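Subject: Structure handover

Hello,

Please find the sequence and structure below. My notes follow it.

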4 protein chains.
Amino acid sequence: MKQLRAAIFGASGYSGGELVRILSRHPSVTLTKLFADSSAGKIVDEVLARSPQRATTTRFEAYDDSIELDADVCFLALPHGEAMDRAPSLLDQGKIVIDLSGDHRLQDRSLFQKFYKRQQTSSDEILAQAVYGLPEWNASAIQRARFIANPGCYATSVILALAPLVVEKAIEPDSIIVNSMSGVSGAGRKASLEYSFAEVNESVKAYRIGDHQHIPEIETVLSGLSNEEVKITFTPHLIPITRGIYTTICAELSAPLTELELQESFNKHYSEKPFVRFSPERIPELRRTTGTNFIDIYAQLLPERNQVMVISTEDNLVKGAAGQAVQNMNLVCGFPETEGLL
Amino acid sequence: MKQLRAAIFGASGYSGGELVRILSRHPSVTLTKLFADSSAGKIVDEVLARSPQRATTTRFEAYDDSIELDADVCFLALPHGEAMDRAPSLLDQGKIVIDLSGDHRLQDRSLFQKFYKRQQTSSDEILAQAVYGLPEWNASAIQRARFIANPGCYATSVILALAPLVVEKAIEPDSIIVNSMSGVSGAGRKASLEYSFAEVNESVKAYRIGDHQHIPEIETVLSGLSNEEVKITFTPHLIPITRGIYTTICAELSAPLTELELQESFNKHYSEKPFVRFSPERIPELRRTTGTNFIDIYAQLLPERNQVMVISTEDNLVKGAAGQAVQNMNLVCGFPETEGLL
Amino acid sequence: MKQLRAAIFGASGYSGGELVRILSRHPSVTLTKLFADSSAGKIVDEVLARSPQRATTTRFEAYDDSIELDADVCFLALPHGEAMDRAPSLLDQGKIVIDLSGDHRLQDRSLFQKFYKRQQTSSDEILAQAVYGLPEWNASAIQRARFIANPGCYATSVILALAPLVVEKAIEPDSIIVNSMSGVSGAGRKASLEYSFAEVNESVKAYRIGDHQHIPEIETVLSGLSNEEVKITFTPHLIPITRGIYTTICAELSAPLTELELQESFNKHYSEKPFVRFSPERIPELRRTTGTNFIDIYAQLLPERNQVMVISTEDNLVKGAAGQAVQNMNLVCGFPETEGLL
Amino acid sequence: MKQLRAAIFGASGYSGGELVRILSRHPSVTLTKLFADSSAGKIVDEVLARSPQRATTTRFEAYDDSIELDADVCFLALPHGEAMDRAPSLLDQGKIVIDLSGDHRLQDRSLFQKFYKRQQTSSDEILAQAVYGLPEWNASAIQRARFIANPGCYATSVILALAPLVVEKAIEPDSIIVNSMSGVSGAGRKASLEYSFAEVNESVKAYRIGDHQHIPEIETVLSGLSNEEVKITFTPHLIPITRGIYTTICAELSAPLTELELQESFNKHYSEKPFVRFSPERIPELRRTTGTNFIDIYAQLLPERNQVMVISTEDNLVKGAAGQAVQNMNLVCGFPETEGLL
């Protein structure tokens with residue numbers, strides 16, 4: 001069978017590197033191009049910490065749009081603001097584009113401006129093509145799409161944890177309080193005093209309280225799924241781990257619920273989903289998802305408080321980025337959803 | 001001036017060891033006895049990681065209640081359930097007792113039974129003598145006390161963060177959602193697979209959701225301060241750090257508040273308190289309090305959500321345990337509140 | 001093709017769990033039995049941190065030697081002293097046995113007694129059958145073997161780093177100074193204060209200086225390869241990482257050597273070896289081998305000192321244990337050497 | 001008594017910050033100026049992780065040499081190359097100067113050029129005034145000095161571990177093999193991908209093998225103490241800790257030695273030294289010295305190998321930098337050697 005040819009833009013970053021690792025083992029994909037402007041000319045194995053294979057002489061390249069691109073699908077693992085410069089011309093060339101940045105996740109330009117502190121410059125037509133790539137809730141649209149806006153890492157952990165409850169109207173849509181903890185790789189691969197080992201180890205710090213760019217993404221998606229206006233309070237924290245997100249959510253119940261009904265809400269939507277592991281019994285441990293495309297979800301009632309606690313955990317670079325991007329590619333291209341991801 | 005003679009029970013644990021370090025530098029205190037049944041006979045410097053001085057031949061001893069105890073004040077850094085076996089006889093001998101365990105923090109025996117899963121066996125008279133040792137809110141009672149129930153580590157971080165707002169009726173007393181992260185030393189010094197480096201590093205785990213023994217402590221104290229019934233939802237998390245607690249709280253405002261009014265609520269109560277560092281500008285970093293008796297507190301309005309976020313951080317072994325115990329001793333004994341603690 | 005049936009003894013430990021993960025993805029192997037006395041009855045996914053698949057109801061079992069064992073190959077991931085109780089009867093039943101413990105690595109019973117502080121109780125016949133499972137240097141004997149003594153984790157890192165130089169007589173065989181650093185998983189999965197996060201984090205400790213049980217293993221194997229008596233000074237250190245070994249070696253040159261000759265010594269022996277990545281240019285980073293069966297080796301001359309520095313790094317649970325065990329199984333059973341390991 | 005006035009140059013770095021903390025508690029010193037060009041104008045408490053006190057409004061300043069400096073002693077916690085630009089004029093103004101950089105540790109300009117890759121530009125007169133500030137071996141010269149070259153962090157850990165043995169001629173002076181592990185703060189407070197948490201955690205890396213700038217410092221000092229040419233092989237490693245150095249040394253014995261003679265070599269020189277804790281029984285643990293000015297030293301014979309292993313550990317920012325600088329100041333200024341350091 002003919003292999004799908006894939007190119008990665010931003011291949012030397014943490015998400016890009018994870019894409020290299022996953023796709024180099026994907027049975028239906030051949031990696032044809034690894035673009036990374038800042039590492040152009042360097043050998044891939046020298047830059048990426050965990051080399052995918054014994055020895056390669058493959059080098060990162062600088063992208064030059066004058067050359068015809070030998071690729072069917074392009075993954076944009078670029079910083080916010082750069083993907084919208086790249087996506088339109090690739091779409092024009094007929095490429096499938098999977099954008100891991102936040103550039104095309106919000107259809108509302110004013111929300112984008114407010115939270116990303118920059119303008120969304122893609123055309124209305126381009127923006128309208130972008131399909132939100134959350135396979136567990138949007139698979140049929142993804143299967144027909146050519147342009148995927150891959151969800152944010154925090155957004156994935158929050159939306160998947162809450163969607164069954166908002167869809168089932170089990171919780172008050174404006175009562176949601178979310179606390180997340182993330183590892184340092186979530187900030188991307190870059191030189192920064194703030195992320196130095198000596199500053200991060202044995203510490204914790206909350207940041208962007210009430211102002212994080214994943215808030216409008218989460219609210220928009222959950223509101224769309226439930227046809228109600230969903231509002232969340234979201235506080236992310238940086239903790240001394242390299243990879244992973246741990247999300248703890250509290251929400252008010254709309255009406256009393258039994259444990260069985262609670263479980264049924266999740267099982268109904270997720271029992272057939274290959275990457276969601278819902279358990280009403282085991283409180284998640286972050287490391288159980290590290291290096292995998294799984295998201296682990298747990299839910300528990302607090303009947304005296306008329307509340308439900310939901311906890312989810314995932315690897316921010318896999319289910320929160322590169323793994324989900326490949327899951328989307330599988331759906332777009334007609335491969336089995338789990339191919340290359342187990 | 002005559003030195004106060006102090007004995008520590010449970011001196012080889014993490015809180016006990018921290019007491020050794022603090023008290024061995026305290027200008028008004030002489031450490032006379034270090035009791036530690038499991039480490040009896042061992043040299044103190046061999047057991048404690050950070051030896052307080054150049055070299056000592058001091059050894060831990062097993063306690064034998066047949067011998068007269070050469071001490072004015074006794075610190076009980078014992079596991080829950082053991083302090084209530086020890087405190088009554090020491091009080092009978094006229095000692096000042098500072099109990100770092102949870103045994104005498106709850107006056108309500110049924111709450112104790114429910115959350116500590118054991119019976120409180122001290123007499124009503126003994127239990128009634130126990131004064132809750134939170135100096136920022138209970139100093140006058142502490143100054144007259146002979147028996148102190150030193151607050152829990154999580155409880156300290158939550159109560160100090162919330163008390164100004166509940167006292168000022170600025171928040172809805174049943175709307176409080178608390179998420180805390182704690183280091184491994186919070187579980188005490190013990191052999192356990194669960195706290196092995198290989199299990200904890202690069203991981204996170206929530207535990208005792210809605211069931212932690214500090215919940216009734218927090219609710220009782222805050223209700224007492226505000227004369228309203230305060231209810232909290234509390235979720236603790238174990239994260240890969242050795243020391244420290246980071247607490248993030250969300251609560252609903254009773255009425256709209258300006259940033260200045262919010263700040264004034266905290267400054268009014270804390271501007272003269274030597275160990276509370278309130279800042280409306282700087283989101284706390286856990287490591288800034290490590291090794292100190294300070295608690296750092298931050299507050300921020302979320303006007304669109306009609307909520308306030310309050311964050312506090314402290315060293316669980318210092319302000320959350322041994323440091324606060326010495327702060328209480330200073331008040332009980334008439335020393336300056338900060339002596340030995342700066 | 002008929003699948004090889006494999007059983008793991010000690011399947012809930014760190015090496016055992018790694019075997020579960022590797023073998024559950026091995027295309028030619030079916031895992032039939034997971035024995036773990038201490039975890040008997042527990043679901044595999046509950047115990048192992050990184051579950052190999054979506055959801056299984058497989059449970060660990062207690063071994064009962066009265067039942068016929070449905071397995072062609074048995075992996076013994078047992079503590080020292082237990083493997084020699086198990087191996088003989090399994091060999092009698094005609095099973096292929098791969099022993100990951102140290103029980104059968106030393107043919108010299110007095111050396112075993114001296115360093116393992118216990119008696120080797122297997123019969124002479126059994127002990128003589130044990131083939132040292134270092135595929136890079138012993139492949140032909142391994143291919144004919146039914147009983148493999150899988151090398152120690154430190155021993156693998158030291159022997160592979162030094163063997164080319166001792167074989168080529170490039171270094172003085174009694175001049176070798178080895179310092180290794182290891183992660184906490186090297187001590188096995190067990191409750192121990194010594195390995196608690198709060199004791200290990202932000203610390204380092206050397207241990208068993210001049211007395212580690214891998215010293216006779218390394219000396220015996222290197223002496224055998226070079227027909228000279230090789231003597232090493234070996235100091236292991238525990239550092240705050242979960243997985244991995246980093247080994248730094250200094251040895252005196254027998255005669256002046258050029259950089260090219262040095263590289264040639266390694267390339268001659270390793271250029272065709274699939275899991276050895278020798279580089280004369282890049283100083284190894286431990287994390288590059290984490291989760292892989294690779295060992296990275298670097299060598300550098302210090303001409304002014306007439307010495308050579310050799311550095312190697314590996315994942316102690318993979319190339320240092322479970323991965324190498326599977327590599328040995330591949331050779332014994334006639335599968336491609338790298339099957340299931342890339 | 002009149003307070004000594006002290007200024008710190010480079011006060012916002014890790015060593016500079018440690019000086020701020022130590023000196024702000026020193027009973028005989030008043031901090032008058034905190035210079036930090038990159039943090040000029042910022043509040044000290046905002047920049048330093050562990051604020052020394054409750055609240056200060058002290059700000060870092062940019063140095064301007066046109067203004068008369070209100071200080072008796074100047075600490076230069078500046079990067080290599082910057083201290084030699086600053087020291088001469090301060091000495092000219094009659095200040096006591098304690099230089100924590102490497103600029104004035106080597107009297108031999110060609111060695112400086114070779115290892116620091118830059119020229120030493122101080123005049124011969126200035127360079128000749130610099131006294132090597134290792135109090136345990138050079139106290140009388142330090143007491144008469146006005147200009148101190150404070151030792152390197154690795155150099156301190158190696159020289160103090162070896163000096164008794166080289167002085168006593170107990171070891172072969174060209175047989176010394178040193179391996180050190182250091183925390184990330186050793187690299188200074190700076191933005192760098194190399195020191196990002198995500199790159200450092202769960203990893204180890206050797207660097208500057210045979211080429212580190214502390215090699216000539218160690219060799220020169222030990223040769224001077226022993227009147228023999230001492231040569232070392234030195235390999236530093238970066239490991240995932242914030243603070244601390246752990247040094248493991250192997251050397252050949254000149255002649256057979258008993259354990260008692262070995263201990264006597266150390267006790268003879270160190271039993272009266274307040275910051276050296278020699279133990280022949282306890283293998284050092286790094287964390288026991290964290291935050292202190294102690295260096296812990298251990299020695300063990302390997303009689304079968306005719307070798308001795310010596311291990312030392314210290315806090316790189318205290319005994320390896322700021323603490324030792326204050327110890328030197330105490331000697332220069334006639335204060336008790338331990339003042340402000342216990």
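The model is predicted. In chain A, 24 Å separates the C-alpha centres of domain 1 of chain A and domain 2 of chain A. The domain assignment places domain 1 at 4–151 + 320–333 and domain 2 at 154–316.

Where the two domains of chain A touch, domain 1 contributes 18 residues and domain 2 contributes 24 residues. On the domain 1 side, three helices of chain A supply at least two residues each: α4 (109–116), α6 (135–144) and α11 (318–333). The largest share of that side, 5 residues, belongs to α11(A). By class, the residues on the domain 1 side are 10 nonpolar, 6 polar and 2 charged.

The other item is a helix pair in chain B. Helix α7 (residues 153–167) of chain B and helix α9 (residues 214–226) of chain B have axes that come within 10 Å and cross at roughly 25°. An angle under 35 degrees counts as roughly parallel, and α7(B) and α9(B) are therefore roughly parallel to each other. The crossing of α7(B) past α9(B) is right-handed.

Which residues make this contact? From α7(B) they are B:Tyr154, B:Ala155, B:Val158, B:Ile159, B:Leu162, B:Ala163, B:Val166 and B:Val167. From α9(B) they are B:His214, B:Glu217, B:Ile218, B:Val221, B:Leu222, B:Leu225 and B:Ser226. The contact of α7(B) with α9(B) has 12 nonpolar residues, 2 polar and 1 charged.

Regards

Terms used
Residues numbered from 1 in each chain as written. Chains lettered and ligands numbered in written order. Predicted model: local features only at pLDDT ≥ 70, side-chain atom pairs only at ≥ 80, totals over all residues. Domains from an automatic or database assignment. Contact = placed C-beta atoms within 7 Å. Helix = DSSP H or I, 4+ residues; strand = E, 2+ residues; numbered from the N terminus. Nonpolar A, V, L, I, M, F, W, Y, C, P; charged D, E, K, R; others polar. Axes fitted to C-alpha atoms, helices over the stretch in contact; angles between N-to-C directions. Parallel < 35°, antiparallel > 145°, perpendicular 65-115°, else oblique. Left-handed = near helix turned anticlockwise from the far one by under 90°.
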